[in-house]
Amino acid sequence: MKTFILMTKLSSDMSSKLKERKVAGRAWMDKVNEKCPGVRFIAHYALLGKYDFLDIYEAPDEEMAAKVSMISLANGAELAESWSAIPYNRFLKLIEEI
């Protein structure tokens, strides 16, 4: 499994409905679980800054990670980016190879 970071910025419409966030978040997770079998979430954080949420998750490939981002966009995110993450020890091995 590959590790990904999902950075999400809610739309202004969704941001104005923060009291409904718990229900909306559960609906989003249910949709991801339905459409993206094999995705496993490791951590979820609310942020104060440019992005509203940061998720760390594992997915079998980049296409599945793209689906996670697309589900976010289809469910009230203004911006959703899935970034590939390389474990630090693997990064150090890659450096040795160059």
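Begin by selecting α2: its 15 residues should span 21 Å at 1.5 Å a residue, and its end C-alpha atoms are 21 Å apart, which agrees. The expected span of a helix is 1.5 Å times one less than its number of residues. Helices (H or I, at least four residues) and strands (E, at least two) are DSSP runs, numbered from the N terminus. The model is predicted: local features need pLDDT of at least 70 and side-chain atom pairs count only at pLDDT 80 or more, while totals for chains, interfaces and linings use all residues. Residues are numbered from 1 along each chain as its sequence is written, and side-chain values use heavy atoms, with hydrogens and water left out.

**Helix α2**

Within α2, select Trp28, Met29 and Val32, the buried residues of this helix. Buried means under 20% relative accessible area, exposed over 50%, and partly exposed in between (1.4 Å probe, protein chains only). The three cover an arc of only 95° around the axis, which puts them on the same side of α2; the arc is that of the directions from the helix axis to the C-beta atoms. On the other side of α2, Val23 and Glu34 are exposed. Display β1, β2, β3 and α3 next, as these are included in what covers the buried residues of α2.

**Helix α3**

Move to α3, a helix of 13 residues that reaches 18 Å from its first C-alpha to its last, close to the 18 Å expected at 1.5 Å a residue. Select Met64, Ala65, Val68, Ser69, Ile71 and Ser72, which are buried. Seen down the axis of α3, its buried residues fall within an arc of 155°, so they line one face of the helix. They pack against β1, α2, β2 (40-46), β3 and β4. The face turned away from the buried side of α3 carries the exposed residues Glu63 and Ala74.

At the N-terminal end, Asp61 caps α3, with a side-chain oxygen 3.2 Å from the backbone nitrogen of Glu63. A polar contact is a pair of N or O atoms within 3.5 Å; within protein, one must be able to donate a hydrogen and the other to accept it, and residues adjacent in sequence count only if both atoms are side-chain atoms. After α3 comes Gly76, whose phi is positive, near 105°.

**The nonpolar core**

Now select Trp28, Val32, Cys36, Val39, Phe41, Tyr57 and Val68, which touch the most other members among the 16 residues of the largest nonpolar core. Such a core is a set of buried Ala, Val, Leu, Ile, Met, Phe, Trp, Tyr and Cys residues joined through side-chain atoms within 4.5 Å. The largest share of this core, 4 residues, comes from α3.

Centre on Val39: leaving aside neighbours within four places in sequence, Val39 is in contact (heavy atoms within 4.5 Å) with Val32, Tyr57, Glu58, Ala59, Met64 and Val68.

**The aromatic residues**

Select Phe4, Trp28, Phe41 and Tyr57, which form one aromatic cluster. A search of the whole structure finds 5 aromatic pairs. The rings of Phe4 and Tyr57 have their centres 5.7 Å apart and their planes at 25°, so the pair is stacked. Rings of Phe, Tyr and Trp (its six-membered ring) pair if their centres lie within 6.5 Å; planes under 30 degrees apart count as stacked, over 60 as edge-to-face and the rest as tilted. Phe4 is buried, with a relative accessible area of 2%, and Tyr57 is buried at 0%.
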